[in-house]
Amino acid sequence: MAVVIAIAAYAALELSPWPAAFVYRWFMDHGGEVLSQAMQKHVPAGIASRLDEQYDADDPDALLDVYFPATAARPLPTIVWVHGGGFLAGHKGLVAPYLKILAARGYTTVALGYSLAPAHRYPTPVRQANAALAYLEKNAERLHVDPERFFLAGDSAGAQVAAQLANVISVASYARTVGISPSIQRRQ
């Protein structure tokens with residue numbers, strides 16, 4: 001019986017990326033939840049939020065969360081954070097405590113949600129992050145965003161997405177090569 005189960009498991013992993021993706025996603029998200037909960041005690045009071053802003057009306061995965069000091073009276077430098085997870089796992093909620101801590105230091109912070117593999121192929125997250133910047137620029141006043149001071153950042157796979165988007169914005173030939181028209185200017 002064990003041999004049959006082993007063969008079935010091997011076949012499932014070889015014939016479809018989904019079983020392995022689900023295992024990886026569970027493992028990574030569980031660790032992220034533990035870390036997120038541990039950071040919660042460091043989140044200061046006085047942080048306002050705008051949750052689940054849909055930055056692309058045609059894309060159900062295109063959601064972002066915005067955090068800023070509740071007393072913000074002017075646009076603030078804005079940190080756009082792309083979560084990690086090996087392109088297979090993670091979600092914007094896992095970085096919320098960290099971004100609230102940064103927001104308390106005088107920033108607007110944005111947790112970017114994006115489509116995960118294997119259902120979506122790369123460079124979908126880079127295209128989505130680019131669309132998110134356009135949305136933030138268009139809604140800058142309402143979201144307390146200074147559209148002249150964006151900082152792209154992330155962890156793990158999210159850092160790669162942020163770095164690639166920075167390259168798209170900064171190097172016109174690279175943007176043409178990957179087929180993404182930058183939504184903001186390099187000076188921003």
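How many aromatic pairs does the count come to? The count comes to three aromatic pairs. Here, rings of Phe, Tyr and Trp (its six-membered ring) pair if their centres lie within 6.5 Å; planes under 30 degrees apart are stacked, over 60 edge-to-face, and the rest tilted.

This is a predicted model, where local features need pLDDT of at least 70, side-chain atom pairs count only at pLDDT 80 or more, and totals for chains, interfaces and linings use all residues. Residues are numbered from 1 along each chain as its sequence is written, and side-chain values use heavy atoms, without hydrogens and water.

**Aromatic pairs**

The table gives two of the pairs.

| Pair | Centre to centre | Angle between planes | Type |
|---|---|---|---|
| Trp81 and Tyr98 | 5.3 Å | 70° | edge-to-face |
| Phe87 and Tyr122 | 5.2 Å | 75° | edge-to-face |

Trp81 sits in strand E3 and Tyr98 in helix H3, so their pair ties together parts 17 residues apart in sequence. Helices (H or I, at least four residues) and strands (E, at least two) are DSSP runs, numbered from the N terminus. Trp81 is buried, with a relative accessible area of 12%. Tyr98 is partly exposed, at 33%. Buried means under 20% relative accessible area, exposed over 50%, and partly exposed in between (1.4 Å probe, protein chains only).

Phe87 lies in the loop between E3 and H3, and Tyr122 in the loop between E4 and helix H4 (124–138), so this pair ties together parts 35 residues apart in sequence. Phe87 is partly exposed at 25% relative accessibility. Tyr122 is partly exposed too, at 36%.

**Helix H3**

Which residues of H3 are buried? They are Ala96, Pro97, Leu99, Leu102 and Ala103. Their cover includes H2, strand E1 (47–54), strand E2 (63–69), strand E3 (76–82) and strand E4 (108–112).

**The largest pocket**

The largest pocket has a volume of about 300 Å³. A pocket is an open set of points on a 1 Å grid over the protein atoms alone, where a 1.4 Å probe fits, with protein on both sides within 12 Å along at least five of seven lines; lining residues have an atom within 4 Å of a point. The volume is the space filled by probe spheres set on the points.

The lining has 18 residues, and Gly32, Leu35, Leu94, Val95 and Asp155 lie nearest the centre. Helix H2 (18–39) and helix H3 (96–103) each give two or more residues to this lining. H2 gives the most, with seven. By class, the lining holds eight nonpolar, eight polar and two charged residues.

Notes:
Nonpolar A, V, L, I, M, F, W, Y, C, P; charged D, E, K, R; others polar. Contact = heavy atoms within 4.5 Å.
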